[in-house]
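Q: I would like to learn how to read the features of a helical model, one at a time. Where should we begin?

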Amino acid sequence: MNPALIVQIAQAIDILIKALVKDPKLVPALSPIVAGMIPALSQSAGETPEQTEARRTAAEAVFAKYALPPA
Amino acid sequence: MSTASSASGRSLLHRRGALLSRALPAIFLALALVGCATLAPGEDPVVVRTEQLLTMATPVYDSGMAWYFANAERLSPGAREVFERVRVGFPPAYRSLDSALQLYKAGKRKELMNEFAEVQRLVEQLLSLVKALGGPDLAGGAK
């Protein structure tokens, strides 16, 4: 699955959780939204070559940030 | 580095840590949902799950290391030693799993169990360590 999509789903879940914590009565109203997210999640597929390359580039950038121990 | 820029950098790290402490539980929930999802037709579960682990492991490493770097001065030598093992060990473990995945895709490997388990172990160790030392509670509430 596209990493950007996972982040977007995570953000949506974060908003839903906050809304539910503030007002548990919203559960019935929000359940259709959650149900709507399931089909998107159900299409787990492998990376495209471009996504693999982007993932590696991002990982190497992170590794470079912590190449040396903290001062 | 000047005092002002140092303070600015620390402030940025703290803000980022606070943001991550709020966002990571949701990211893990999304990952759990993705992990439970059925695969698209024709997809190899080993490939998809491994790619998902590789995708999510890097932000965890990034956030865990950012917290470590921001708090290194107050950590005990023992804790620093464990963080250092993760800091040094994660990149080669990640690359090793990534390479093994390419071999698997090419039909030159039958499984990726050892490499997969090592990346997973390092991620879990980092999560546990940060939480145990008073960092973001990745299982729920923010600190």
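A: Begin with how elements are assigned: helices and strands are DSSP runs, a helix needing at least four residues and a strand at least two, and they are numbered from the N terminus. This is a predicted model.

Q: How many helices and strands does chain A have?
A: Chain A contains three helices and zero strands. Along its sequence the pattern reads α-α-α.

Q: How many helices and strands are there in chain B?
A: Chain B has four helices, again with zero strands, and its pattern along the sequence is α-α-α-α. Among its contacts between residues at least 6 apart in sequence, 69% join residues at least 24 apart.

Q: What percentage of the residues in each chain count as buried?
A: A residue is buried if 20 or more other C-beta atoms lie within 10 Å of its own. In chain B, 33% of the 143 residues count as buried; in chain A, buried residues make up 14% of 71.

Q: How does the span of helix α4 of chain B agree with its number of residues?
A: Helix α4(B) covers residues 113–132, 20 residues in total, and at 1.5 Å a residue it should span 28 Å. Its end C-alpha atoms are 28 Å apart, in agreement with that value. Just after α4(B), Gly134(B) takes a positive phi of about 90 degrees.

Q: Which residues of α4(B) are buried?
A: The general idea comes from the helix repeat: an α-helix has 3.6 residues a turn, so residues three or four places apart point the same way. In α4(B), the buried residues are Glu115(B), Val119(B), Leu122(B), Val123(B), Leu126(B), Leu127(B) and Val130(B). Viewed down the axis of α4(B), they fall within an arc of 130 degrees, so they line one face of the helix. The face turned away from this buried side carries exposed residues, namely Met113(B), Asn114(B), Ala117(B), Glu124(B), Ser128(B) and Ala132(B).

Q: What covers the buried residues of α4(B)?
A: The cover includes α2 (45–71) and α3 (77–105) of chain B.

Q: How do the axes of α2(B) and α4(B) cross?
A: Two packed helices are described by the angle between their axes and the distance between the axes. Here the axes of α2(B) and α4(B) come within 10 Å and cross at roughly 30 degrees, and the crossing is left-handed. Residues of α2(B) that meet α4(B) include Ala57(B), Tyr61(B) and Trp67(B); on the α4(B) side, those involved include Phe116(B), Gln120(B) and Val123(B).

Q: Which residues of the largest nonpolar core touch the most other members?
A: In this core of 26 residues, they are Ala57(B), Tyr94(B), Val119(B) and Leu126(B). The elements giving two or more residues to the core are α3 (49–65) of chain A and α2, α3 and α4 of chain B. The largest share, nine residues, comes from α2(B).

Q: Which residues are in contact with Tyr94(B), leaving aside neighbours within four places in sequence?
A: Tyr94(B) is in contact with Ala59(A), Leu54(B), Ala57(B) and Val119(B).

Q: Is Ala59(A) buried or exposed?
A: Ala59(A), located in helix α3 of chain A, counts as buried because it has 22 C-beta neighbours inside 10 Å. Apart from neighbours within four places in sequence, its contacts are Thr58(B) and Tyr94(B).

Notes: Residues are numbered from 1 along each chain as its sequence is written. Chains are lettered from A and ligands numbered from 1 in the order in which they are written. This is a predicted model: local features need pLDDT of at least 70, side-chain atom pairs count only at pLDDT 80 or more; totals for chains, interfaces and linings use all residues. The expected span of a helix is 1.5 Å times one less than its number of residues. A residue is buried if 20 or more other C-beta atoms lie within 10 Å of its own, exposed if 12 or fewer, and partly exposed in between; C-beta atoms are placed from the backbone. The arc is that of the directions from the helix axis to the C-beta atoms. Two residues are in contact if their C-beta atoms, placed from the backbone, lie within 7 Å. A nonpolar core is a set of buried Ala, Val, Leu, Ile, Met, Phe, Trp, Tyr and Cys residues joined through C-beta atoms within 7 Å. Axes are lines fitted to C-alpha atoms, for helices over the stretch in contact, and angles run from 0 to 180 degrees between N-to-C directions. A crossing is left-handed if the near helix is turned anticlockwise from the far one by less than a right angle, and right-handed if clockwise.
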